[in-house]
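Reader: Hi, can you walk me through this one? I'd like to start with contacts and then get to the rings.
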Amino acid sequence: MMVEMISFIGFIFIFLGIFLCFSAVIGCFRFPDYFCKMHAATLGDAIGCPLILWGVAMQSNSITTALKIILLSLIILIITPTASYLLNKIALKSIAPSDSEKL
């Protein structure tokens, strides 16, 4: 009974992550400028990928494999927003050098 419940929650996490990643792809095509597209891509990557990985960790049979997957998802949660921030900062400086100092 408990194994089926964990498996079901894992499938829910996987489908939510796929939905968020797919929404991010649609946002990347529909949003008008670089910063909006980067926002959509970052949210899809920072939230969707860990959800998928947590679902896969719930589906795995081994505790060590699940812990490795969870560690990988935590690394993604740290690296993705940091990289997005740095890319947006560089893009803002290259587009309008005088206006970026006011922000």
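Author: First, a term. A polar contact is a pair of N or O atoms within 3.5 Å; within protein, one must be able to donate a hydrogen and the other to accept it. Also, the model is predicted.

Reader: OK. What lies 2.7 Å from a polar atom of the side chain of Ser73?
Author: The backbone oxygen of Ile70.

Reader: Where is Ser73 found?
Author: In helix H3, residues 63-95.

Reader: Buried or exposed, that Ser73?
Author: Ser73 is buried, because its relative accessibility is 0% and buried means under 20%.

Reader: Which residues is Ser73 in contact with, leaving aside neighbours within four places in sequence?
Author: Pro50, Leu53 and Trp54.

Reader: Now the rings. How many aromatic pairs are there?
Author: Two. Phe13 and Trp54 form a tilted one, with 6.5 Å centre to centre and 55 degrees between the planes.

Reader: What does that pair tie together?
Author: Phe13 lies in helix H1 (residues 2-30) and Trp54 in helix H2 (residues 34-59), so the pair joins parts 41 residues apart in sequence.

Reader: And the pair of Tyr34 and Phe35: why is it edge-to-face?
Author: Their planes are at 75 degrees, and angles over 60 count as edge-to-face. The ring centres are 5.3 Å apart.

Reader: How accessible is Tyr34?
Author: Tyr34 is partly exposed, at 36% relative accessibility. Phe35 is partly exposed too, at 29%.

Key:
Residues are numbered from 1 along each chain as its sequence is written. This is a predicted model: local features need pLDDT of at least 70, side-chain atom pairs count only at pLDDT 80 or more; totals for chains, interfaces and linings use all residues. Side-chain values use heavy atoms; hydrogens and water are left out. Rings of Phe, Tyr and Trp (its six-membered ring) pair if their centres lie within 6.5 Å; planes under 30 degrees apart count as stacked, over 60 as edge-to-face and the rest as tilted. Helices (H or I, at least four residues) and strands (E, at least two) are DSSP runs, numbered from the N terminus. Buried means under 20% relative accessible area, exposed over 50%, partly exposed in between (1.4 Å probe, protein chains only). Contact means heavy atoms within 4.5 Å.
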